[in-house]
Amino acid sequence: MHLYLYNTLAKENLMKDKVLQLAKEKNAVILAHYYQTPDIQEIADFKGDSLALAQKATEVDADIILFAGVHFMAETAKILNPNTKVLLPDLEAGCSLAESCPADDFAKFKAKYPDHMVISYINCSAEIKTLSDLICTSGNAVQLVESLPKNQEIIFAPDKNLGRYINELTGRNMVLWDGTCEVHDILSAEKIMKMKVENPDATLIAHPECPQPVLMLADFVGSTTAMLKYTQKSDAEKFIVATETGILHQMKKDSPKKEFLIVPADETCSCNDCAYMKLNTMEKIYLALKNEQPEIILPEDIMENAKAPIVKMLEISKQLKL
């Protein structure tokens, strides 16, 4: 067994070295989301949540962007860097939330509210971005909405849980598209209540994509980065975490003496992993860099029309110092 573990670790380290060497040779930058596996997070030039990665994508000076995340994230990087080759290790790495909002259906929905401004969560396709006036992330959504005139009517898409949460905080009455993230929407208040009873000293933190009953139980609600910062600064020693499992790696790195309990996906206590995020592997990253495929290709008109609401988000975020 010890020999098997040694050989496995040796292979993993060899692949890691090969990836880093190849990235250096090809002047490639590796961006990774916090929901990636720990080994991928550790080889990234930069890791973050959707807002941070979108901001970083505007600063990249490289021939290749390797995006260890999901399809809409790589699309965003391509939209912001149309002349740079953007690679996604596995083109099947999609997003249940983005898929819950087909562009044709949303266009018909939008037509019902001609006087409404469209704010779309960044977790959507490039086509949905072209139908939007402003893009937001979970890290800036509340502030962006509050920056708009109170009488501005708004459609919010595609996440109804995040939209409902924003409505509650801001007093708005945004019209919500009926979409959800399956990773967060599956989390139940009943399971969390049980965990709280079993861990009375634990602080519950939750992502705003969770259902309303879960958010009502939370001691803190925030984006991935906001949750990270909260666990760093909090005096609490134990946390119940209602989001995707991958975040625990950075939480444990930042606060090694604290305990983190992920809310499981079901009654079997299986990890709450995003199947799409976990499609990326170190070997796929190596092959993507080696072959410079799969590449994100978008029509020029889509990129041009999708860029405007993203840039608007980045500009407002900068003004608000987010």
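L31 has F67 as its bridge partner in strand 3. Strand 1 (residues 28-33) and strand 3 (residues 64-68) pair in the parallel sense over five bridges. Here two strands pair if DSSP finds at least two bridges between them. Helices (H or I, at least four residues) and strands (E, at least two) are DSSP runs, numbered from the N terminus. This is a predicted model, in which local features need pLDDT of at least 70 and side-chain atom pairs count only at pLDDT 80 or more, while totals for chains, interfaces and linings use all residues. Residues are numbered from 1 along each chain as its sequence is written, and side-chain values use heavy atoms, with hydrogens and water left out.

**Strand 3 and its neighbours**

- Strand 3 also runs parallel to strand 4 (residues 85-87), joined to it by three bridges.
- L66 stands opposite L87 of strand 4.
- From strand 3 the chain crosses through helix 4 (residues 71-80) to strand 4, a right-handed β-α-β crossover. Right-handed means that, with the strands pointing away from the viewer, the path from the first strand over the helix to the second runs clockwise.
- Strand 3 is mostly covered, with five of its five residues buried. Buried means under 20% relative accessible area, exposed over 50%, and partly exposed in between (1.4 Å probe, protein chains only).
- I64, L66 and A68 point one way from strand 3, I65 and F67 point the other way, and all are buried.
- In a regular strand the side chains alternate between the two faces of the sheet.

- Four strands form an open sheet in the order 10-9-11-12, with parallel pairing.
- Strand 10 (220-221) and strand 12 (259-262) are at the edges with a single partner strand each, so one side of each has no neighbour in the sheet.
- Strand 9 (residues 203-206) pairs with strand 10 in the parallel sense, over two bridges.
- I205 has F220 of strand 10 as its bridge partner.

**Nonpolar cores**

- The largest nonpolar core holds 67 residues, and V241, M251 and M313 have the most contacts inside it. A nonpolar core is a set of buried Ala, Val, Leu, Ile, Met, Phe, Trp, Tyr and Cys residues joined through side-chain atoms within 4.5 Å.
- Helix 16 (residues 300-319) gives this core its largest share, seven residues.
- V241 touches I205, I247, L248, M251, F260, L261, I262 and V263, not counting residues up to four places away in sequence. Contact means heavy atoms within 4.5 Å.
- A second, separate core has 19 residues, including V19, L66, L87 and M282.

**Helix 15**

- Helix 15 (residues 282-291) has the buried residues M282, I285, Y286, A288 and L289.
- Seen down the axis of helix 15, these buried residues fall within an arc of 165 degrees, so they line one face of the helix. The arc is that of the directions from the helix axis to the C-beta atoms.
- Just after helix 15, E292 takes a positive phi of about 55 degrees.

**Cysteines**

- The structure holds zero disulfides. A disulfide is a pair of cysteine sulfur atoms within 2.5 Å.
- The sulfur of C95 is 6.3 Å from the closest cysteine sulfur, that of C181, which is too far for a bond.
- C95 counts as buried, at 10% relative accessibility.
- C124 is in no disulfide either, and the nearest cysteine sulfur, in C101, is 7.1 Å away.
- C124 is buried too, with a relative accessible area of 0%.

**Cis peptide bonds**

- The peptide bond from A157 to P158 is cis, with omega near -10 degrees.
- P158 is in the loop between strand 7 (154-157) and helix 9 (160-170).
- The peptide bond from Q293 to P294 is also cis, with omega near 0 degrees.
- P294 is in the loop between helix 15 and helix 16.

- N27 is not a glycine, yet has a positive phi of about 50 degrees.
- N27 lies in the loop between helix 1 (2-25) and strand 1.
- N27 is partly exposed, with a relative accessible area of 36%.
- K321 is a residue other than glycine with a positive phi, near 60 degrees.
- K321 is found in the segment after helix 16.
- K321 counts as exposed, at 78% relative accessibility.
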